[in-house]
Amino acid sequence: MENKELLGFDDRWFRLFGIPVIGLLVPGLLDEYSKITSLKMLGITLFFSFFYTTVYWEFHRWYFIRLKTWFPDHEQITKRIVFQILGSAGFITGFTSLNSLWEPENYKTTCQSPSQLILVILVVSMCVLAVYGAVFYYKISRKAMLDTERLKQEQLISQLETLKNQVNPHFLFNSLNTLAAIIPEDSKLAVLFVKHLSKVYRYILEIREQRLVSLRQELSALESYRFLLEIRFGANLRFEQQIPADILDLLVVPLSLQMLIENAVKHNVISTQHPLTIEILADEKQILVRNSLQPKPYREESTGLGLQNIRSRYELLGTESVLVAHTAQTFTVKLPLIRPNYEKAAVD
């Protein structure tokens, strides 16, 4: 199973039929059949043709698998090619030298130049190796295309999920109620509330085509979302944020922080007796969102796609995994922070 995954396909039938076919063809390419005068000579010719074919085929197959194990990353393809050439050259030199020491006299009578036989089999073996490589890289390219399509679907789900959660009756009802309460008391605050609300929606529309955004962008948009929540819940909702300035250009999946905060607000009690605290902390490797755990006595209707969607998008990007941990007091989610050159490296 491991070899099948490394090769990209199950090559049992390819080997079972390929080796005998090449073993039969090579003497014909060297015009050896016309020189055969007995069944004994035919047997010796075919034996050594099959022998050399099998040795070269199996060595190159084994070496191809080992190189894929030693250099598994796609960007290491140049190393694999260089080592494949060097390994093949070393094997050919050693095997040919060894062969010259024990090559039987009977075989010399059936082949004017044994080195010609080895050379032809080598060429054919390298062609077979090219088939292995072509199939493998076709599978890689195909998988990359499928992953890209899956990522697009996941992004669409994320956009729809976020929009649905924010434009659902509860969100609109709470936002309008908050706005209605503010207008008679503080019209300037009401205008500011509307501005922040529009900024949240504008951000969602702006990043709809992006796979990753900078932490700076995400936190900037998050400020408006936090403002809406703080106006709604007042001192009952507390945010604690510690983000080093030198990591703001690192990347995250868009809307991930907002969705985690949204989940915390949705599923926990927020009151004067039980204020909800949400911490946002980060270092150069990850950003952490942690909230005090005080579950509501009833569960709001939810699709459950939020956290799973974030996990899926990180998985498709090939980054570190999203980590989730909870205790009796807290619920914590850790998101990997991605280097700005990640997408360029992924394309290359």
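This is a predicted model: local features need pLDDT of at least 70, side-chain atom pairs count only at pLDDT 80 or more; totals for chains, interfaces and linings use all residues.
Which residues does I19 touch, not counting residues up to four places away in sequence? I19 touches F14, F50, T53, T54, W57 and E58.

Residues are numbered from 1 along each chain as its sequence is written, and side-chain values use heavy atoms, with hydrogens and water left out.

**Legend 1. Confidence across the model.**
The average pLDDT of the protein is 77. A score of at least 70 is reached by 77% of the residues. Here pLDDT is the predictor's confidence in each residue, from 0 to 100. Over residues 106-112 the pLDDT is below 50. Beyond near neighbours in sequence, this stretch has 17 contacts in the model. A contact means heavy atoms within 4.5 Å.

I19 lies in helix α2, residues 12-29. Helices (H or I, at least four residues) and strands (E, at least two) are DSSP runs, numbered from the N terminus. I19 counts as buried, at 11% relative accessibility. Buried means under 20% relative accessible area, exposed means over 50%, and partly exposed lies in between (1.4 Å probe, protein chains only). F50 is one of the residues that I19 touches. These two residues are 31 residues apart along the chain, yet the C-alpha atoms of I19 and F50 are separated by 7.1 Å.

**Legend 2. Aromatic pairs.**
Two aromatic pairs turn up in a search of the whole structure. F47 and F51 form a stacked pair, with 6.4 Å centre to centre and 10° between the planes. Rings of Phe, Tyr and Trp (its six-membered ring) pair if their centres lie within 6.5 Å; planes under 30 degrees apart count as stacked, over 60 as edge-to-face and the rest as tilted. F47 and F51 are separated by about one helical turn because they are four residues apart in helix α3, residues 39-70. F51 counts as partly exposed, at 29% relative accessibility.
F59 and W62 form a tilted pair, with 6.3 Å centre to centre and 40° between the planes. These two are three residues apart in helix α3, so about one helical turn separates F59 from W62. F59 counts as buried, at 16% relative accessibility. W62 is partly exposed, with a relative accessible area of 42%.

**Legend 3. The five-stranded sheet.**
Five strands form an open sheet in the order β2-β4-β5-β7-β6, with mixed pairing. Its edge strands are β2 (237-242) and β6, and each pairs on one side only. From one strand to the next, the twist averages 15°. Axes are lines fitted to C-alpha atoms, for helices over the stretch in contact, and angles run from 0 to 180 degrees between N-to-C directions.

**Legend 4. Strand neighbours within the sheet.**
β4 and β5 pair in the antiparallel sense over five bridges. Two strands pair if DSSP finds at least two bridges between them. A hairpin joins β4 to β5 through three residues. E279 stands opposite R290 in β5.
β5 (residues 286-292) also pairs with β7 (residues 330-336), in the antiparallel sense and over seven bridges. L288 has K334 in β7 as its bridge partner. For S292, the bridge partner in β7 is T330. Is β5 mostly covered or mostly uncovered? β5 is mostly covered, with five of its seven residues buried.
β6 (residues 323-326) is joined to β7 by four bridges, and the two run antiparallel. V324 stands opposite V333 in β7. A hairpin of three residues joins β6 to β7.

**Legend 5. Helices across the sheet.**
Helix α9 (residues 215-233) lies across β2, β4 and β5. α9 runs at about 160° to β2. α10 lies across β2, β4, β5 and β7. α10 runs at about 160° to β4.

**Legend 6. S271 in its loop.**
S271 is found in the loop between α10 (256-267) and β4 (276-282). S271 is buried, with a relative accessible area of 16%. What does the side chain of S271 reach? The side chain of S271 reaches the backbone nitrogen of H274, at 3.0 Å.

Terms used:
A polar contact is a pair of N or O atoms within 3.5 Å; within protein, one must be able to donate a hydrogen and the other to accept it, and residues adjacent in sequence count only if both atoms are side-chain atoms.
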